[in-house]
Structure formats: structure tokens, C-alpha cells
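Here is a short briefing for a reader new to this structure. Look over the sequence and the model first, then read the points below by topic.

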Amino acid sequence: MNFTLKHPVKLFDQTERYGPIHNILGIGDPHVTKIQNQWWMFFGGFQSNFKNNIFSAYLPAGEGLDCNEWKIMTDKDNPTKAKPLIANSAKGSWDYFGYHTPCFVSGFDEKGGRVERVYYTGRASKKVLDNQAPYSIGVIEKKEDNWVRYPQPIITGTAASPNVLEPKVRYYNGLWRMWYVTTVQETGKTGEPRYTIQYIESQNGLEDWSEPISLFNEDENYYDASVHQTPSSAFEMTVCRSTNLYGRTPFPPQGLWLLEGKKPNGDRNNWSSHPYELIECEAGEEWYKHGIAAPCAYYGENEHDRNTLYIFFTGVNERRNWAGITFTKLKEGKWPPFPSPFYFSIGKVECHKIV
């Protein structure tokens, strides 16, 4: 396995705001997918009401993943307002404080009918980090032209590890397959990251999931596991680590890695014993120097890029001082970002596979 990489590019930057759009203060966790003849990106957005929701962006119809002209979907009557997939849930709901880490999947139900879903992490705690209530995994399904949220979570944690999050779902070979993270608590300013990546599968993608298989344990500290198919019909998996949001030292090294496998499953022996490092964050630019999260990858569809792997991801900015960033922006004649303890970007890296 060998790749040559182009320089990663930013698509959206929290420190630069989002043009005329004013109802989202920060975005991240991109999931890119093709719907009919158009590429779409679903992402999580922190709103001006201080709750998270799911939004989308799109490329012009017919353009490939080498294009960077993504546009955020806005309200048809208000181009300054990004359009969420659905409204936030009611007070007291298990996901009242917001929806995170969307993953769009198209597959078939048990009756053979095609369904489109967005799996997501639901937040029950007001605090995003060092959370005081568990994260669970839910699903939104498209019913005709509307997105409908299932009222109850489909995956919950255990007493020993109450949080489940980062669902990465694929529909392969007649099964809904999910790789997800479980942890005691989302790591904040203190404590060591304690994450396990598990794998489950189901006939209908809603219930009767198989018993979880641990793919990566706490000692490896991987945080996301996103699987994609190769041009040769094998499989690859991109993984990253829990991001160093507060610039703590020491902290697990940040980066982006790739593994190969013959099957899309949770068997560690199926995947590369030594992940191939694509990006070392410490050696990169400031907009992702503190970590990479939520990778999502596809190979190109055209003759010129059939062996090019496009990986979309969240980058965590090394710069955290709002006053310093504000001073720089004002000197450049730009509006400063909304005050935040850390800043995200959505980026893309092109990896050309040497065959």
C-alpha cells in the first residue's frame, strides 16, 4: 500500500465564518455521499441557539470529487439561513441538546424496499465534553420528501461504558453494518481518552443488531473507523484518534491512517496489522495540527482519478485564542469568529494510489 498525497485543502473554516449564513457558528463531521448524479455532504452544525443540528452542502450536479465548489443548503426563503434536515427535538428528549456526526446511508429494508437514512449521535448532556448524560445513536429516515426522526435511540451504551457515538454505517452485501465508538465519558480538559471501536450488523438497520465485536481497544485509542470500497472491490478503512481539542501535553499523536481488508467487518485479523499513516498532524498546517476527526472517503469515478482516494475530514485548529484570532481578522478587514474554546474546519485530501 503506497500513496502520494496532495496538500490538504480547506473547504469550510470556522475562523472565516460561512459567508452570509448567520445561524451556524461552527461546522464539522462531514459525511459525503452521491445521491443520483450529485455529490452531497451532510455535516453537524453548532447553531446560534447553542444546539447542534444536521445540515447539508452540495456540489454542482455532474461535478466530481475533484471539485471544491461546495455550497451550503439554505432556506428557500432566506439565503442567510442554513437549512437543517429536521427541527431539534423537544425538551426532555434523549437528544434534546443536539444531533452530531451524521452518516447518510442508502440501502434496503427487509421487504426489499429502498430506504435512505441518516444515522447520528444524539446528545443528552448540556456539556459536549466531560458529559453528564450519555450519548446515544439515533436515526432519521426519509419518508417521501420529508426527513422523520425515530423517537427512540437505536443503540445505547452499557453501565460500564454508557456512551455510544460516531456511527459509521454502510450497506454491504445485504446487511446494515455499523462501526461506532463507546466510552465512559467524552474526554475534555482532563482525563485520558478511553475509546473502543465496535462493530455490529443488522438485517434492517434498526433493531436485532448482532453482539458487538471490539475492533480497536482502548490501548490503540482510535476514535473513528470509516469503511469504503476500492476500485478492485476490496475494502479500506480510514481511522483517526480523539482530537487534542485543548492542546494538552502529553496526548496521543494525531493523524489519519488507512487499513486494508478483504471484507467489510469487525474482525481485526481481516484488516492490516499495521495501519498506513497518511497524515501526521504535528507536521501539518495549523488548521488541522490539533487533530483530524470524522474521515469519509471515496475513490474517483472518472478515468483520470480512478485511483485517487478523496478523504473528507474535520480539522482542529492549533489556534485557540479568540482575542488573537479576532485581532488578525480585524487587521485583514474581516469579521472575527464567534468565541469558542476551539475551532474546526472541514477539509479534503487527495491521495493517489500507486499501483
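Four strands build an open sheet in the order E13-E14-E15-E16, with antiparallel pairing. This is a predicted model, in which local features need pLDDT of at least 70 and side-chain atom pairs count only at pLDDT 80 or more, while totals for chains, interfaces and linings use all residues. Residues are numbered from 1 along each chain as its sequence is written, and side-chain values use heavy atoms, with hydrogens and water left out.

- Strands and helices here are DSSP runs, numbered from the N terminus (helices: H or I, at least four residues; strands: E, at least two).
- Two strands pair if DSSP finds at least two bridges between them.
- The edge strands are E13 (163–172) and E16 (213–216), and each pairs on one side only.
- On average, neighbouring strands of this sheet are turned by 30 degrees against each other, direction ignored. The axes behind such angles are lines fitted to C-alpha atoms, for helices over the stretch in contact, and angles run from 0 to 180 degrees between N-to-C directions.
- E13 and E14 (residues 175–183) run antiparallel and are joined by eight bridges.
- Tyr171 has Trp176 in E14 as its bridge partner.

**The sheet E17-E18-E19-E20**

- Another open sheet of four strands has the order E17-E18-E19-E20, and its pairing is antiparallel.
- E17 (222–229) and E20 stand at the edges with a single partner strand each, so one side of each has no neighbour in the sheet.
- Neighbouring strands of this sheet are turned by 20 degrees against each other on average, direction ignored.
- Seven bridges link E17 to E18, and the two run antiparallel. Val227 stands opposite Met237 in E18.
- E18 (residues 235–241) is joined to E19 by six bridges, again antiparallel. Glu236 has Glu260 in E19 as its bridge partner.
- Four bridges connect E19 to E20 (residues 276–280), and these strands run antiparallel. Gly255 stands opposite Glu280 in E20.
- E19 (residues 255–261) is mostly covered, with six of its seven residues buried. Buried means under 20% relative accessible area, exposed means over 50%, and partly exposed lies in between (1.4 Å probe, protein chains only).

**The nonpolar cores**

- In soluble globular proteins, nonpolar side chains tend to be buried together.
- A nonpolar core is a set of buried Ala, Val, Leu, Ile, Met, Phe, Trp, Tyr and Cys residues joined through side-chain atoms within 4.5 Å.
- The largest such core has 22 residues, of which Phe12, Met41, Trp70 and Ile72 touch the most other members.
- Strands E2 (9–13), E3 (24–35), E4 (38–47), E5 (52–58) and E22 (308–316) are the elements that give two or more residues to this core.
- A second, separate core has 20 residues, including Tyr135, Tyr172, Phe216 and Tyr223.
- Not counting residues up to four places away in sequence, Ile72 touches Phe12, Tyr18, Ile21, Ile24, Phe43, Ser56, Ala57, Tyr58 and Ala82. Contact means heavy atoms within 4.5 Å.

- Tyr58 lies in strand E5. Tyr58 counts as partly exposed, at 24% relative accessibility.
- Leaving aside neighbours within four places in sequence, the contacts of Tyr58 are Gln38, Trp39, Trp40, Glu69, Trp70, Lys71, Ile72 and Met73.
- Tyr58 and His22 are 36 residues apart along the chain, and their C-alpha atoms are separated by 19 Å.
- Ala159 lies in the loop between E12 (146–149) and E13. Ala159 is exposed, with a relative accessible area of 82%.
- Ala159 and Glu116 are 43 residues apart in sequence and 32 Å apart in space, C-alpha to C-alpha.

**The whole protein**

- The protein has one helix and 23 strands.
- Its radius of gyration is 19 Å, close to the 20 Å that the globule rule gives for 355 residues, so the protein is as compact as a globular protein of that length. The radius is taken over C-alpha atoms, and the rule is 2.2 Å times the number of residues to the power 0.38.
- The C-alpha trace spans about 55 × 50 × 45 Å along its principal axes.
- Of the 355 residues, 55% count as buried.
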